Amino acid sequence: MRIGSYIEITQALKIPFFEVKFQTSRSSGPGGQNVNKVETRVELIFNIAHSKSLSESIRQLLLMNLSTYLKSSGTLRIVVQDSRSQWKNKQIAIDKFKNLMRLALKNPQKRITTQPTVTSNEKRLKYKQGRSKIKIMRKPISVEQQYDEDKQIHS
């Protein structure tokens with residue numbers, strides 16, 4: 001996975017490996033004899049706020065689009081413990097990092113406002129009429145209404 005000394009997000013954006021930090025720890029779950037000895041859990045840490053490889057516009061875009069993934073210091077953390085191999089977990093973490101960065105760099109598609117169709121309007125009105133009838137049926141019948149109904153039945 002390491003072709004050169006950078007992680008290629010797009011052709012225009014390459015992040016040097018020295019800006020990405022890896023921490024390992026013992027993984028939870030199955031591992032056989034290795035579970036208590038080998039640190040297979042991998043944590044990829046990338047500080048978006050202080051990265052020198054990002055332009056200011058890209059930094060702002062990433063900070064905005066990845067806000068739910070970031071700590072308050074602008075640090076992105078990706079934790080992987082899928083495999084029993086530390087090397088494989090690092091590869092998975094790098095792939096997740098690439099995918100997440102690519103998604104964050106995409107501009108959202110602008111919504112084009114359209115008029116509602118005739119069918120959708122009819123459907124909406126029919127639904128509203130049905131709800132109205134249900135609510136009318138919930139009301140208690142007054143004496144005047146009872147009198148009017150009896151009068152219509154007997155005439």
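This is a predicted model: local features need pLDDT of at least 70, side-chain atom pairs count only at pLDDT 80 or more; totals for chains, interfaces and linings use all residues.
I read local features only at pLDDT of at least 70 and side-chain atom pairs only at pLDDT 80 or more, while totals for chains, interfaces and linings use all residues. Numbering starts from 1 along each chain as its sequence is written, and side-chain values use heavy atoms, without hydrogens and water.

**Sheet.** I looked up the strands (DSSP runs of E, at least two residues, numbered from the N terminus). I found 3 strands in an open sheet, ordered S3-S4-S5, with antiparallel pairing. Pairing here needs at least two DSSP bridges between two strands. S3 (20-25) and S5 (75-80) stand at the edges with a single partner strand each, so one side of each has no neighbour in the sheet. S3 and S4 (residues 41-47) share 6 bridges. Serine 25 has arginine 41 in S4 as its bridge partner.

**Salt bridges.** I counted 3, taking a side-chain nitrogen of Lys or Arg within 4 Å of a carboxyl oxygen of Asp or Glu. Which residues are linked in a network? Arg41, Glu43 and Arg77 are. Glutamate 43 meets arginine 41 at 3.8 Å, N to O. Arginine 77 meets glutamate 43 at 2.4 Å. Arginine 77 lies in S5 and glutamate 43 in S4, so this pair ties together parts 34 residues apart in sequence.

**Burial.** I checked accessibility next (buried is under 20% relative accessible area, exposed over 50%, partly exposed in between; 1.4 Å probe, protein chains only). Glutamate 43 is buried at 12%. Arginine 41 is partly exposed at 22%, and arginine 77 is partly exposed at 32%.

Terms used
Helices (H or I, at least four residues) and strands (E, at least two) are DSSP runs, numbered from the N terminus.
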